[in-house]
Amino acid sequence: LVGDVRQQVAGAGEIGSGIRPVLAYLKQHPELGWNGTGDGKFSPNLPITAQQAYKVMLEALAYKTGTDFEYADTLAFAASKGLFRAAEADPFTNRELATALIETLQAVPKGGEMPLVHELVSQGAVDAEKAALLVGKRIDVRQTAEGTAYLTDGDGMTLYLFTKDMADLNACGEQ
């Protein structure tokens with residue numbers, strides 16, 4: 001099945017022998033969504049971009065490139081599905097990858113009724129106790145075009161602080 005992996009996957013010789021069969025398998029199964037960087041290359045030692053990472057996350061949620069979205073529109077489509085918190089990262093680091101993974105686990109797959117993490121729990125692929133750590137609301141920090149930071153909820157709605165209350169705790173009773 002694998003054959004000469006070095007000829008099947010450009011760049012496979014740059015990585016350890018243990019991962020080579022995985023790259024060959026992915027190349028032979030483009031329906032899985034791991035199509036590499038183009039021209040039959042995976043370039044395993046190059047850093048990935050947010051667009052590439054979110055494309056894979058969307059595929060994990062059962063959305064297909066070319067059917068549900070075009071690659072050029074990956075980030076906009078991902079944002080419409082609630083995947084956006086690491087979209088502007090450059091370079092795309094392990095921190096951003098973890099953020100994108102958490103977003104994906106909390107998202108509902110195409111045609112699904114519950115978040116991906118709940119589906120994985122029901123399949124026995126993820127421990128229910130560990131999955132419970134992903135439940136809850138999220139607060140994000142966003143920036144205006146001028147660079148002013150502000151807080152939003154998990155849906156991107158602005159959160160307002162009542163700073164008068166913080167300046168004088170007795171102000172809480174005046175309302």
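This is a predicted model: local features need pLDDT of at least 70, side-chain atom pairs count only at pLDDT 80 or more; totals for chains, interfaces and linings use all residues.
Now look at how the rings meet. A pair of aromatic rings is described by the distance of the centres and the angle of the planes. The structure holds two such pairs. In one, the ring centres of Tyr-63 and Phe-77 lie 5.3 Å apart and the planes stand at 80°; because an angle over 60 degrees counts as edge-to-face, that is the name for this pair. The pair links distant parts of the chain, 14 residues apart: Tyr-63 sits in the loop between helix 3 (50–60) and helix 4 (74–80), while Phe-77 belongs to helix 4. In the other pair, Phe-69 and Phe-77 have ring centres 5.1 Å apart and planes at 15°, so these rings are stacked. Together, the ring pairs join Tyr-63, Phe-69 and Phe-77 into a cluster.

In soluble globular proteins, nonpolar side chains tend to be buried together. The largest nonpolar core here has 17 residues, and Tyr-63 is among those with the most contacts inside it, along with Tyr-54, Leu-58, Leu-61, Leu-83 and Phe-92. Helix 3 and helix 4 each supply at least two residues of this core, and helix 3 gives the most, with five.

Finally, visit Leu-83. Leaving aside residues up to four places away in sequence, Leu-83 touches several residues, including Tyr-54, Leu-58, Ala-78, Glu-103 and Ala-107.

Notes. Residues are numbered from 1 along each chain as its sequence is written. Side-chain values use heavy atoms; hydrogens and water are left out. Rings of Phe, Tyr and Trp (its six-membered ring) pair if their centres lie within 6.5 Å; planes under 30 degrees apart count as stacked, over 60 as edge-to-face and the rest as tilted. Helices (H or I, at least four residues) and strands (E, at least two) are DSSP runs, numbered from the N terminus. A nonpolar core is a set of buried Ala, Val, Leu, Ile, Met, Phe, Trp, Tyr and Cys residues joined through side-chain atoms within 4.5 Å. Buried means under 20% relative accessible area, exposed over 50%, partly exposed in between (1.4 Å probe, protein chains only). Contact means heavy atoms within 4.5 Å.
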